[in-house]
Amino acid sequence: MEMKAVVFCTGLMLLFAWLSPSQALYFHIGETEKKCFIEEIPDETMVIGRYRTQLWDKQAGSFLPSTPGLGMHVEIKDPDAKIILSRQYGSDGRFTFTSHTPGEHQICLHSNSSKMALFAGGKLRVHLDIQVGEHTNNYPEIAAKDKLTELQLRVRQLLDQVEQIQKEQNYQRYREERFRMTSESTNQRVLWWSIAQTIILIITGIWQMRHLKSFFEAKKLV
Amino acid sequence: MLAWFLLLCVQLMFSWICASELTFELPDNAKQCFYEDIIIGTKCTLEFQVVTGGHYDVDCRLEDPDGMVLYKEMKKQYDSFTFTASRNGTFKFCFSNEFSTFTHKTVYFDFQVGDDPPLFPNENRVTALTQMESACVSIHEALKSVIDYQTHFRLREAQGRSRAEDLNTRVAFWSIGEAFILLVVSISQVLLLRSFFSDKKTTTTRVGS
């Protein structure tokens, strides 16, 4: 009886463990389609992305559980549009990067597998999970490594969260400064261009009058 | 031993969590759908906000595995929708920008499924939490909501900032354009007037004689 319960539980556990990767959000992309996601993050923040791909099998009319040989190209750009990661991964991949400048980072995925050419009009199902900052920490691992009690681990989690909030506040200050500079630049531009346009208007008016006067005098009409 | 094992299994079953937060660009006349497999009885929340583009609005639609529409809103800027999964299966939610002709939108969404995973998945909790531990839990929840507010504030600020930068470039472009048009119009006015009087002189002399 006990053995049966143990076997049943193990089976259930394995079932959930297997289903776990497919538990993440998924979407469909076309063959050569590029899908980009934006992550606006402060500096020195770690980002971990995990994905899993499944190919549409026309004959079976469903998605294959896993397709070896299918590759995804991952490209990550920093806020200055400089490429910080550009690598080809397999059908299941995990990519990590740490931001060095605060701002909008772009994570782009596209498949460039030659196998896709065989499946004309093929659809690809991509399971994606992107974790940022404090969510990247694996607490059971940290507890085991540093031998922390439950209370210590909870406090560590709180410290990580507070650190993330602090970083975000710093980034907020940097953004507000940029916004203020943009507004002041607009203000300056509106002011100087209005003055310049008024001056141009007056000068062209004066020039027109003088030119026409001399023209009519020359034509002996005045 | 068995009790511990059973508890572990139960914990693994109920630690069915997923929190996906993504920001993506939705081109004009495009529709983007996301799918998630959810177990019956799980409480889920979908939150979305349009960050940049046009009138900052998007169509959103959430369907259950039977195709029944649970949530449908047209041209919404931001919203939050909580529901409990009524059956097992694949839930689908779509964002549509099909009503827009040339503006593409940046949409942020946060799809929370179930609760957070426990910190100690292997722990078997037989006693209640101590005061310290429950204080930690409530601080954790409060900090989570702080981070959530920060995210929404950041998105609003990004919206304002993109409008300000857009305004800045437009002011420069139109000011230079107007100054140029002003010069061109005034010079061509004078030239045109001159051409009237140059032709008229010949016609008047002809009429005279």
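## Chain A at a glance

Read from the N terminus, the elements of chain A follow the order α-β-β-β-β-β-β-β-β-β-α-α, which amounts to 3 helices and 9 strands, where helices (H or I, at least four residues) and strands (E, at least two) are DSSP runs numbered from the N terminus. This is a predicted model, in which local features need pLDDT of at least 70 and side-chain atom pairs count only at pLDDT 80 or more, while totals for chains, interfaces and linings use all residues. Residues are numbered from 1 along each chain as its sequence is written, chains are lettered from A and ligands numbered from 1 in the order in which they are written, and side-chain values use heavy atoms, with hydrogens and water left out.

Of the 222 residues of chain A, 41% count as buried, a term for under 20% relative accessible area, with exposed meaning over 50% and partly exposed lying in between (1.4 Å probe, protein chains only). Among contacts (heavy atoms within 4.5 Å) in chain A between residues at least 6 apart in sequence, 71% join residues at least 24 apart.

## Where the two chains meet

In the interface, 72 residues of chain B are in contact with 68 residues of chain A. Together the chains bury about 6,400 Å², 68% of it on carbon and sulfur atoms; this buried area is the accessible area (1.4 Å probe) that two parts lose on being put together, summed over both.

Between chain B and chain A there are 4 salt bridges, each defined as a side-chain nitrogen of Lys or Arg within 4 Å of a carboxyl oxygen of Asp or Glu. Arg175(A) and Glu157(B) are joined through their side chains by a salt bridge, at 2.6 Å from N to O. On the side of chain B that touches chain A, α2(B) gives the most, with 38 residues, and the residues of that side divide into 44 nonpolar, 14 polar and 14 charged; here Ala, Val, Leu, Ile, Met, Phe, Trp, Tyr, Cys and Pro count as nonpolar, Asp, Glu, Lys and Arg as charged, and the others, Gly among them, as polar.

## A buried glutamate

Glu168(A) lies in helix α3 (residues 150-218) of chain A, and it counts as buried because its relative accessibility is 11%. Leaving aside residues up to four places away in sequence, Glu168(A) touches Pro42(A) and Arg175(A), as well as Gln150(B) and Arg154(B).
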